[in-house]
Amino acid sequence: MVPPAATASTSLQGSPQAPESLGSPPAPAVKDPAKDTILTPRFYTTDFEAMAAMDLRPNEAELEAICEEFRKDYNRHHFVRNEEFEGAADKLDPQTRKVFVEFLEQSCTSEFSGFLLYKELSRRIKEKNPLLAECFAHMARDEARHAGFLNKSMADFGLQLDLGFLTANKAYTYFKPKFIFYATYLSEKIGYWRYIAIYRHLEKHPESKIFPIFNFFENWCQDENRHGDFFDALMKAQPDTVRGFTARLWCRFFLLAVFATMYVRDVARKEFYEALGLDAREYDKEVIIKTNETSARVFPVVLDVENPRFWIRLERLVRNNEALNAVEAGDGPAPIKALRKLPFWGANAIEMAKLFLMAPIRSEAFQPSVR
């Protein structure tokens with residue numbers, strides 16, 4: 001569901017280098033969940049009654065067609081581990097192991113977050129809105145499959161997430177249904193472009209394929225794409241979500257929030273992308289441009305990501321984030337650290353406001369052939 005997240009550091013029940021903190025592939029240790037920050041994946045809940053009451057008739061035919069695609073379950077037999085996984089973890093150097101385990105953890109948490117939301121939606125609206133409930137049930141199936149596959153890969157490194165513990169103990173963020181639509185649509189579409197970009201790069205540079213999980217990204221990203229198409233169709237069935245002045249503001253906000261968060265966190269862990277032979281900044285730029293273009297198919301406006309000022313301001317966010325991390329890593333009591341962080345928080349708020357106020361591009365002008 002959600003694009004692979006990244007954090008500057010991750011706790012592994014002790015340090016990643018400490019062998020006593022790790023289990024073995026047959027008996028992996030339970031990994032401590034990463035500390036929640038603004039950059040880590042979140043778990044969501046919403047207004048289930050409002051979702052159940054939604055009228056799908058404005059776009060019911062397309063939603064039924066997408067549900068039929070879900071029923072076919074194209075990837076039913078795709079996520080099957082093979083002999084390539086045996087011993088693959090042992091070939092990575094300690095630093096690459098560390099950043100790769102962070103990638104697996106954050107990706108697994110993101111996928112599991114999608115599973116929980118979609119599963120609960122399918123359960124709570126089944127009686128009142130069966131078509132919508134069935135679509136969510138199929139997507140929950142896909143997300144559970146992804147999360148399980150990622151967690152098995154973590155076990156190759158002697159660690160696993162306790163997904164039951166996460167379900168019961170992680171904080172849930174409430175979003176209105178329309179905000180769920182914006183956020184999950186972008187999460188699924190940006191996930192598609194992230195996975196396919198990595199897959200195509202590794203096709204050209206197989207020497208950079210550090211782990212066999214990347215062999216599965218081509219089919220995997222098609223799940224993400226189908227999920228995004230579902231939310232595209234659902235927003236078109238609820239025209240108020242993509243029409244009018246307020247809708248244009250919210251679409252701009254969610255595009256900016258998703259793009260800025262991804263850019264800052266990916267640059268913060270550029271070592272992971274370097275291990276794959278990628279430059280984190282160039283990779284993110286490609287993904288952001290493609291996702292922005294795709295979003296014009298349903299959002300009334302998109303961001304002017306070709307404007308050099310857009311990238312200059314994202315770089316300022318990166319520098320401010322580095323300064324915040326330096327303060328956090330330094331000495332001193334928490335209240336003093338908070339005071340030291342204030343100028344950088346303020347600077348980030350100003351940069352985000354400037355980014356938001358940049359003139360957007362109307363989608364009918366951006367993609368006239370689609371609109």
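The following dialogue explains how to read several features of this predicted model.

User: What kind of model is this, and which pLDDT limits apply?

Analyst: This is a predicted model, in which local features need pLDDT of at least 70 and side-chain atom pairs count only at pLDDT 80 or more, while totals for chains, interfaces and linings use all residues. Residues are numbered from 1 along each chain as its sequence is written, and side-chain values use heavy atoms, with hydrogens and water left out.

User: How many salt bridges does the structure hold?

Analyst: A salt bridge is a side-chain nitrogen of Lys or Arg within 4 Å of a carboxyl oxygen of Asp or Glu. The structure holds 25 of them. One of these joins Glu120 to Arg124, with the closest N and O atoms 3.0 Å apart.

User: Where do Glu120 and Arg124 lie?

Analyst: Helices (H or I, at least four residues) and strands (E, at least two) are DSSP runs, numbered from the N terminus. Glu120 and Arg124 both belong to helix 3 (residues 94-124), and they are 4 residues apart, about one turn of the helix.

User: Which residue forms a salt bridge with Asp229, and which parts of the chain does the pair link?

Analyst: Asp229 forms a salt bridge with Lys189, the closest N and O atoms being 2.7 Å apart. This pair links distant parts of the chain, since Asp229 is in helix 7 (residues 217-237) and Lys189 is in helix 6 (residues 177-204), 40 residues apart. Asp229 is partly exposed at 32% relative accessible area, whereas Lys189 counts as buried because its relative accessibility is 4%.

User: Which residue meets Arg194 in a salt bridge?

Analyst: The side chain of Arg194 meets that of Asp266 in a salt bridge of 2.7 Å, N to O. Here too distant parts of the chain are linked: Arg194 is in helix 6 and Asp266 in helix 8 (residues 245-268), 72 residues apart. Arg194 counts as buried at 1% relative accessibility, and Asp266 counts as buried at 0%.

User: How do helix 6 and helix 8 cross?

Analyst: Axes are lines fitted to C-alpha atoms, for helices over the stretch in contact, and angles run from 0 to 180 degrees between N-to-C directions. The axes of helix 6 and helix 8 come within 10 Å and cross at roughly 40°. Helix 6 is therefore oblique to helix 8, because angles under 35 degrees count as roughly parallel, over 145 as roughly antiparallel, 65 to 115 as roughly perpendicular and the rest as oblique.

User: What is the handedness of the crossing of helix 6 and helix 8?

Analyst: A crossing is left-handed if the near helix is turned anticlockwise from the far one by less than a right angle, and right-handed if clockwise. Helix 6 passes helix 8 in a right-handed crossing.

User: How do helix 4 and helix 7 cross?

Analyst: The axes of helix 4 (residues 130-155) and helix 7 come within 11 Å and cross at roughly 155°. Helix 4 is therefore roughly antiparallel to helix 7, and the crossing is left-handed.

User: At what angle do helix 11 and helix 12 cross?

Analyst: The axes of helix 11 (residues 308-329) and helix 12 cross at roughly 170° and come within 9 Å. These two helices are therefore roughly antiparallel to each other, with a left-handed crossing.

User: Which residues make the nonpolar surface patch?

Analyst: Patches are made of residues with over 30% relative accessible area and no salt bridge: like charges are joined within 9 Å, and nonpolar side chains (Val, Leu, Ile, Met, Phe, Trp, Tyr) within 5 Å. Accessible areas come from the Shrake-Rupley method with a 1.4 Å probe, and for residues only the protein chains shown count as cover. Ile336, Leu339, Leu342 and Trp345 make a nonpolar surface patch of about 390 Å². Ile336 is found in helix 12 (residues 334-357) and counts as partly exposed at 35% relative accessibility.

User: Where does Asp73 lie, and what is its phi?

Analyst: Asp73 lies in the loop between helix 2 (60-72) and helix 3. Asp73 has a positive phi of about 50° although it is not a glycine.

How values were computed:
Buried < 20%, exposed > 50% of the residue type's maximum accessible area, 1.4 Å probe, protein only.
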